[in-house]
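I opened this notebook page to record what I looked up in the structure shown below. The entries follow the order in which I consulted the model.

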Amino acid sequence: MGQMFQRVKGFQDILGDDCLYWQYAEDTIKAIFKQYSISEVRLPVLERTEVFNRGIGGTTDIVEKEMFTMDDSSGGGTLSLRPEATAGIVRAYIENGLYNPPILHRFYCIGPMFRKENPQKGRFRQFVQGDVEFLGSSSPLTDADIIGMLMSYFDKLGLGKFVKLELNSVGCPKCRPSYQKKLIDYFNGHAGEMCEDCNRRLERNPLRVLDCKQQKCREFIKNAPIMLDELCDECKEHFDNVQYYLGLLNVPFVINPLMVRGLDYYVRTAFEVVTDKLGAASAVGGGGRYDGLVETLGGPSTPGIGFAIGMDRVVALLKEVSTVEKLQPLVYVVTFGDKSLEEGLKVLTRLRSLGIVAEIDYAQKGLKNQMKKADRSGAKYAIIMGEDELARGVVSVRTMANSSQEEMSLENFYKLIKE
Ligand code: AMP
């Protein structure tokens with residue numbers, strides 16, 4: 001063998017049964033999007049870096065240090081692999097004039113995102129997000145409905161009892177600056193106790209200090225002033241209404257006044273879905289309102305709200321608490337020689353046209369060998385097309401679980417299978 005290669009750190013090969021969990025997770029979310037009549041968009045994984053700088057914010061961890069960026073040899077400037085979906089969707093919304101007519105537009109996109117983070121359990125450099133954006137409504141009912149949809153996904157997967165919805169309001173450009181000042185004053189009083197990261201954040205993006213996971217920082221963060229106490233009247237009314245509508249929709253939530261999101265574009269509603277089943281990678285999804293983003297990226301003033309589900313973490317959670325049905329045939333067709341094969345292929349074709357998962361042995365070795373393979377395939381039945389049986393107009397059907405075997409007409413075999 002020649003030189004062998006390994007995959008790049010932080011990137012994954014997803015194989016075998018793992019893909020069954022992925023398919024289940026993706027099929028289920030697509031079914032929900034269909035039910036809510038949300039249109040799919042398929043967008044490039046590469047954008048001008050500026051889309052993310054301006055969209056996500058230049059002082060966020062993502063833009064400061066996590067993007068895979070390369071020179072654009074043709075046009076100058078740089079290009080980056082998308083670290084999240086919203087900025088690209090908004091870019092496409094503006095570029096394709098989708099804001100016309102100015103009604104509510106709803107999009108979803110499922111695909112890989114790229115962040116140069118330190119790889120660890122549940123944290124990859126390429127990961128998949130299921131992303132939804134509602135553009136064109138500032139009503140708090142929109143917030144409640146999109147959050148309700150997000151939670152219905154976890155319910156549908158049977159994960160409802162393992163996740164919790166956390167809700168907060170991060171205010172708006174009117175009320176946030178004065179809160180931010182208060183926060184900076186408070187943190188300046190604790191600068192000596194702060195970790196290095198927090199000191200940097202305090203200078204560049206003070207709200208992010210609230211998100212520090214270090215124990216020594218949590219000590220003074222827990223008593224920090226909170227945005228909820230500083231909301232302007234409009235933000236407060238909006239937040240009250242979001243909670244009221246969530247109640248009407250029977251969506252349970254807890255308020256986490258210290259929750260801030262890692263992206264700068266959020267205003268008002270911010271939310272996260274967390275679990276205690278995945279260790280440090282506890283967030284399985286999150287989102288919020290971003291009423292200024294379309295304008296920031298050069299479009300007409302348009303309110304928006306969206307979320308992203310971390311599909312890798314959904315799959316990890318599914319693997320932790322449930323099993324999916326394996327890919328296995330119901331029937332394994334066993335043949336010997338030309339006549340038997342001819343009849344066997346007819347049976348195989350008929351079964352498949354009936355929607356039944358069936359396989360045939362390609363090597364056609366002896367009975368023992370084929371039964372071994374039938375067993376390994378996980379089939380429930382083996383149908384044995386012996387020449388002398390065919391001459392008598394019957395086949396042998398073996399129930400693999402208990403090795404009991406019975407002769408029957410083909411007609412009766414189809415009846416049995418349909419049951
Ligand atoms: P964010 O918008 O950054 O909160 O990301 C939304 C969701 O994507 C998170 O709640 C995670 O479930 C998932 N996610 C974010 N970063 C990663 C990563 N590096 N690896 C795996 N999943 C991630």
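I began with Met-70, which is partly exposed, with a relative accessible area of 36%. Buried means under 20% and exposed means over 50%, so a residue in between is classed as partly exposed. I note that the model is a predicted one. I placed Met-70 in strand β3, residues 69-71. I then looked up the nonpolar surface patch that includes Met-70: Val-45 and Leu-46 make the patch together with Met-70, and its area is about 200 Å².

Entry 2, the sheet. In what order do the 8 strands of the open sheet run? I read the order as β1-β5-β6-β11-β10-β9-β7-β8, with mixed pairing. I recorded β1 (39-40) and β8 (254-255) as the edge strands, each of which pairs on one side only.

I looked up the cover of β5 (residues 105-114) and found 8 of its 10 residues buried, so the strand is largely enclosed by the rest of the structure. I next traced its partners. β1 and β5 run parallel and are joined by 2 bridges. Within this part of the sheet, I noted Tyr-108 in β5 as the bridge partner of Glu-40. β5 and β6 (residues 126-135) run antiparallel, and I recorded 10 bridges between them. His-105 stands opposite Leu-135, which belongs to β6.

Is β10 mostly covered or mostly open? I found it mostly covered, with 6 of its 7 residues buried. I checked the strands that pair with it. β9 (residues 267-275) pairs with β10 in the antiparallel sense, over 6 bridges. As an example I noted Phe-271, whose bridge partner in β10 is Gly-287. β10 (residues 283-289) is also joined to β11 (residues 304-310) by 5 bridges, and these two strands run antiparallel. Here I recorded Arg-289, which stands opposite Ile-305 in β11.

Which residues gather in the patch of negative charge on the surface? I listed Asp-338, Glu-342, Glu-387 and Asp-388. I then asked which helices each supply at least two residues of the negative patch. They are α12 (337-353) and α14 (387-391). I located Asp-388 in helix α14.

Technical notes:
Residues are numbered from 1 along each chain as its sequence is written. This is a predicted model: local features need pLDDT of at least 70, side-chain atom pairs count only at pLDDT 80 or more; totals for chains, interfaces and linings use all residues. Side-chain values use heavy atoms; hydrogens and water are left out. Patches are made of residues with over 30% relative accessible area and no salt bridge: like charges are joined within 9 Å, nonpolar side chains (Val, Leu, Ile, Met, Phe, Trp, Tyr) within 5 Å. Accessible areas come from the Shrake-Rupley method with a 1.4 Å probe; for residues, only the protein chains shown count as cover. A salt bridge is a side-chain nitrogen of Lys or Arg within 4 Å of a carboxyl oxygen of Asp or Glu. Lys and Arg count as positive and Asp and Glu as negative; His and the chain ends are not counted. The place of a charge is taken as NZ of Lys, CZ of Arg, CG of Asp or CD of Glu. Helices (H or I, at least four residues) and strands (E, at least two) are DSSP runs, numbered from the N terminus. Two strands pair if DSSP finds at least two bridges between them. Buried means under 20% relative accessible area, exposed over 50%, partly exposed in between (1.4 Å probe, protein chains only).
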